[in-house]
Amino acid sequence: MGRDDILVGIGGDGGISDAGTIYPNVGGYLPLIDQGITTVGDCRYRKAVPLEGGGRLDIDTNWGIRRSFLPQGNRRYIPFQQPTTQQVMIDTISAGPTTVILTGSHTNFAIFLMTYPHLKGNVKHIYTMGGGVRSKNPTGCCPKDVTTACTPQQCGDIGNLFSSYSTNPYAEFNIFGDPFAAYQVFHSGIPITLVPLDATNTIPVNEEFFYAFQQHQSTFEAEYCFKSLKMARDTWSDDQFHASYFMWDSFTSGVAISGMRNDKDCLHGNDFAELEYMNITVITSNEPYGIYDGSNPLFDGHAVPKFGLKKGGVHSGHVQTGIVDSFCIIEGSRKGRCEDGYTKEISGLEAVRVRVATKAKSNVDKNSRLDREFFKSFLEKTSPKWIWGERHS
């Protein structure tokens, strides 16, 4: 994009040892080696994504598109000299009030908050895409015009662990990657706006938007985004792409930008989403609590729980050990019982008041073929002069 003045930190695996030691500056390339932290650790997110055959390897390289298509420019980014993710957060947040946007697992930011609690006061607001509170996943539903027998899968479930509804139908992928980290972030006392599946499920990449995007690409970045989107559509496992693929992170970015621009005191509405306050928490373990079965690294094998946690408390139960976990399976049912990573609406001492996006706003222009307000804004940013044949100043 012709910008090399924006700090980019290199993240890394690990960050917390088996003994509970927090590595305050994990990340980069050499620190991974120096600290003895490898990239083959016990990471649930990694286990959930296949290594090859359309999995992690292809996704990480975007099938070579970014290297063959995007112009490289004269950037000053040098991999072995980039700061770590932690260092970027330290430098940025130390400098003054900062808004944080999280669109993945919360590990890096949770480590930051646990290591530098005195800097929490500089974090003005957190926007995060993840979780499902009152959502009902439309993916995996039987088509309305189906003529043969159809067994719905993820349809109606709270979460979106598409390969794991039989063990955990409640979790969303970002939060499931590190529920305890998400718990630390949500319970940090920092104001949070959550954009969960409740809202993103209401803004699928429908055909009208897809073809409008195809016709309006005036920058390399827009072309790259559309090529990636088209690749996802063309390799989708069934013909339900436009009903199953949603604007997750990009919609969250729009909600955050609108909030920062128009809603500084959290008193006014958002341009793109309907919002309401809810009392929620992040589920990190499953009942019964206090029965240690070898699944919970915060308690099992430790005379004193890590991080000063309470024995028999909400973190002390069974932790889902992978996508398939026999503890989570209910015999005779297609839905599992584990709730690890569930952003659950509750009352009582564990509840945190969070502003939650519940629905994408409809387009105020009733004559437009684009049915969501964010679609219009997204295309205006990718094609500033022409939208649907109408000239914009």
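Author: Of the 393 residues of the chain, 43% count as buried, where buried means under 20% relative accessible area, exposed means over 50%, and partly exposed lies in between (1.4 Å probe, protein chains only). This is a predicted model, in which local features need pLDDT of at least 70 and side-chain atom pairs count only at pLDDT 80 or more, while totals for chains, interfaces and linings use all residues. Residues are numbered from 1 along each chain as its sequence is written, and side-chain values use heavy atoms, with hydrogens and water left out.

Reader: How many helices and strands does the secondary structure of the chain come to?

Author: Helices (H or I, at least four residues) and strands (E, at least two) are DSSP runs, numbered from the N terminus. Here there are 14 helices and 8 strands. Contact means heavy atoms within 4.5 Å; among contacts between residues at least 6 apart in sequence, 70% join residues at least 24 apart.

Reader: How many disulfides does a search of the whole structure find?

Author: A disulfide is a pair of cysteine sulfur atoms within 2.5 Å. The search finds 3 disulfides. With bonded cysteines counted along the chain, their pattern is 1-4, 2-3, 5-6.

Reader: Which handedness does the link of Cys141 and Cys155 have?

Author: The sulfur atoms of Cys141 and Cys155 are 2.1 Å apart, and with 85° about the S-S bond the link is right-handed. This pair links distant parts of the chain, 14 residues apart, with both Cys141 and Cys155 in the loop between strand E2 (123–129) and helix H7 (173–176). Cys141 counts as partly exposed because its relative accessibility is 29%; Cys155 is also partly exposed, at 24%.

Reader: Why is the disulfide of Cys142 and Cys150 described as left-handed?

Author: The torsion about the S-S bond of Cys142 and Cys150 is about -95°, so this disulfide is left-handed. The S to S distance is 2.2 Å. Cys142 has a relative accessible area of 28% and is therefore partly exposed, as is Cys150 at 32%.

Reader: Are Cys328 and Cys338 buried or exposed?

Author: Both Cys328 and Cys338 are buried. They form a disulfide with sulfur atoms 1.9 Å apart, and the torsion about the S-S bond is about -80°, so the link is left-handed. The pair joins distant parts of the chain, 10 residues apart: Cys328 and Cys338 both lie in the loop between strand E4 (273–282) and strand E5 (343–345).

Reader: At what angle do helix H10 and helix H11 pack?

Author: Two packed helices are described by the angle between their axes and the distance between the axes. Axes are lines fitted to C-alpha atoms, for helices over the stretch in contact, and angles run from 0 to 180 degrees between N-to-C directions. Helix H10 (residues 207–215) and helix H11 (residues 220–234) pack at about 140°, with their axes 10 Å apart. H10 is therefore oblique to H11, since angles under 35 degrees count as roughly parallel, over 145 as roughly antiparallel, 65 to 115 as roughly perpendicular and the rest as oblique.

Reader: Which residues make the contact of H10 with H11?

Author: H10 contributes Phe209, Phe210, Tyr211, Phe213 and Gln214, and H11 contributes Ala222, Cys225, Phe226, Leu229, Lys230 and Arg233. Cys225 is partly exposed, at 40% relative accessibility.
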